[in-house]
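Good morning, and thank you for coming.

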Amino acid sequence: MRKKELKLIVTFHTTTDAMAMEKMCKEQNISGRLIPVPRAISAGCGLSWCADPKQSEIISTEMKRAGIKAQALQECMV
Amino acid sequence: MIYMDNAATTLHKPPQVAKAIVQALNSIGNAGRGATEASLGASRVIYDTREKLCRLFGGESPNRIVFTANSTESLNIAIKGILNPGDHVITTVLEHNSVLRPLYECRERGIELTILGCDGKGNISCENIESAVKENTRAIVCTHGSNLTGNMIDISAVGAIAEKHHVLFVVDASQTAGVFPVDVQKMKIDILCFTGHKSLRGPQGTGGMYVRTGVGVRPLLSGGSGVDTYNIHHPKEMPTALEAGTLNGHGIAGLNAALSYLEEIGMDSVRAQELSLMRMFYEGICGIPGVKVYGDFETRQRCPIVSFNIGDYDSSEVSDELFSVYGIATRPGAHCAPLMHKALGTKDQGAVRFSFSHYNTEEEVQTAIEAVRKLAED
């Protein structure tokens, strides 16, 4: 397994919200990708957006602007 | 074959629809089930289709677009999900069984049902709808266009009535989605039910509904959602709340291609062509002795449908003759619209329905007119 790094993880209530996030980030040139929700955050399944923690502010701002609802934004080792 | 049964399903689809389905069959996984490129490929095409449908219907967010198998499923979810015993609901005789049968079931559960009649041409009066509203009225459920006569209901006017009296407005757009503009916000529609395989020109097995923000609908199904696995309840967030189980990703990919085609060609152009063919056919047959056409052809807006009978011939016999001798595909019988037939007095005879697509040609319409003329002369 690869070495874990600290990442910003955004979780969502629905797959639709996750897909809206991916599309918005692509359009705004915000790097990151969709990954399965890490166990450290939730034992359920689903998609989460994984990004550099330095992008936390811009991600929050752009999500608000685009009206994308997050379940939570948190940092964890992924 | 000259296919003129487009109100049942459009046979001729834009070629990119089949191509998109095949491509999806060979490449996509299960949407919302993991983050592999296969699964994300399905999630992406499904999300993009939600966006296109949201744009088409003027919805406030792609989250409010739910995928189902067809209009029938959408209408069942809508009707059974908003009505409770003691509620009153208003509908019309123009409706298809996909509206009527769920409503009859609701009536058996203690929901009061008012079914409004029509005039001799098959039109519904908006004044009658407003007069039928009572203190316990929960919803008005009606079609945008009759699948038998092609007559349309002024859903903007009905939406205004629903808003004024604080009742929910559910619209069956099976015959109109993709041909007539529908703006759910301007028309005050709370739930819009549509199918993908008719005038949207997507594959069978696709359909959906728009549900306005704030409208709570009890789901018919619960099950796999791809999220929140350890919750004993199905998620309440839309659209997942109403989408239990694997979606028809392959079909939705086809619908996506059909919507791209519609955006490209323009709904106005499609409608103009279909109405022109419908008008040509109507004018060609309405003067033939023995031919009786049903519906109102004086209105500017109507679905591209012409239903008629020849004398007292069984409509099945006429339709069979049209196909076996002239290769023209039409639909006889009752069209799943029992109350409309009763209102027109055609319960026993049924009617022969021609319904047009912009893929039909004037030459085909001319052939159809001549076929009807010859049958009427026999």
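Helix H8 of chain B passes helix H11 of chain B in a right-handed crossing. Please bear in mind that what you see is a predicted model. H8(B) covers residues 267-285 and H11(B) covers residues 362-377; their axes come within 9 Å and cross at roughly 25°. Since angles under 35 degrees count as roughly parallel, H8(B) is described as roughly parallel to H11(B). Which residues make the contact between H8(B) and H11(B)? From H8(B) they are B:Leu277, B:Met280, B:Phe281, B:Gly284 and B:Ile285, and from H11(B) they are B:Glu362, B:Val365, B:Ala368, B:Ile369 and B:Val372. Sorted by class, the residues of this contact are eight nonpolar, one polar and one charged.

On the H9(B) side we find B:Val318, B:Glu321, B:Leu322 and B:Tyr326, which meet B:Thr367, B:Ala371 and B:Leu375 in H11(B). That contact divides into five nonpolar residues, one polar and one charged.

Let us turn to another pair of helices in chain B. Helix H3, residues 71-82, packs with helix H4, residues 97-108, at an angle of about 30°, and the axes of the two are 9 Å apart. How are H3(B) and H4(B) oriented, roughly parallel or roughly antiparallel? With an angle of about 30°, they are roughly parallel to each other. H3(B) passes H4(B) in a right-handed crossing. H3(B) contributes B:Ser71, B:Thr72, B:Leu75, B:Asn76, B:Ile79 and B:Lys80, while H4(B) contributes B:Ser98, B:Val99, B:Pro102, B:Leu103 and B:Cys106. By class, this contact holds six nonpolar residues, four polar and one charged.

Next, the division of chain B into domains. Domain 1 runs over residues 15-265 and domain 2 over residues 266-377. The centres of these two domains, taken over C-alpha atoms, are separated by 27 Å. How many residues of each domain are in contact with the other? The answer is 28 residues of domain 1 and 27 residues of domain 2. On the domain 1 side, H4 and helix H7 (249-265) each supply at least two residues. This side of domain 1 has 12 nonpolar, 14 polar and two charged residues.

A database record may also be mentioned. UniProt, in an unreviewed entry, places the feature "domain: Aminotransferase class V" at residues 2-366 of chain B. In the model, the end C-alpha atoms of that span lie 11 Å apart, and the span is 36% helix and 15% strand.

Finally, we come to the contact between the chains. It takes 15 residues from chain A and 20 residues from chain B. On the side of chain A that touches chain B, helix H1 (15-27) and strand E2 (33-36) of chain A each supply at least two residues. H1(A) gives the most to that side, with five residues. By class, that side of chain A has eight nonpolar, six polar and one charged residues.

Thank you for your attention.

Technical notes
Residues are numbered from 1 along each chain as its sequence is written. Chains are lettered from A and ligands numbered from 1 in the order in which they are written. This is a predicted model: local features need pLDDT of at least 70, side-chain atom pairs count only at pLDDT 80 or more; totals for chains, interfaces and linings use all residues. Axes are lines fitted to C-alpha atoms, for helices over the stretch in contact, and angles run from 0 to 180 degrees between N-to-C directions. Helices (H or I, at least four residues) and strands (E, at least two) are DSSP runs, numbered from the N terminus. Angles under 35 degrees count as roughly parallel, over 145 as roughly antiparallel, 65 to 115 as roughly perpendicular and the rest as oblique. A crossing is left-handed if the near helix is turned anticlockwise from the far one by less than a right angle, and right-handed if clockwise. Two residues are in contact if their C-beta atoms, placed from the backbone, lie within 7 Å. Ala, Val, Leu, Ile, Met, Phe, Trp, Tyr, Cys and Pro count as nonpolar, Asp, Glu, Lys and Arg as charged, and the others, Gly among them, as polar. UniProt positions are given in the numbering used here, feature names are shortened, and annotations may be inferred rather than shown by experiment. Domain bounds come from an automatic or database domain assignment.
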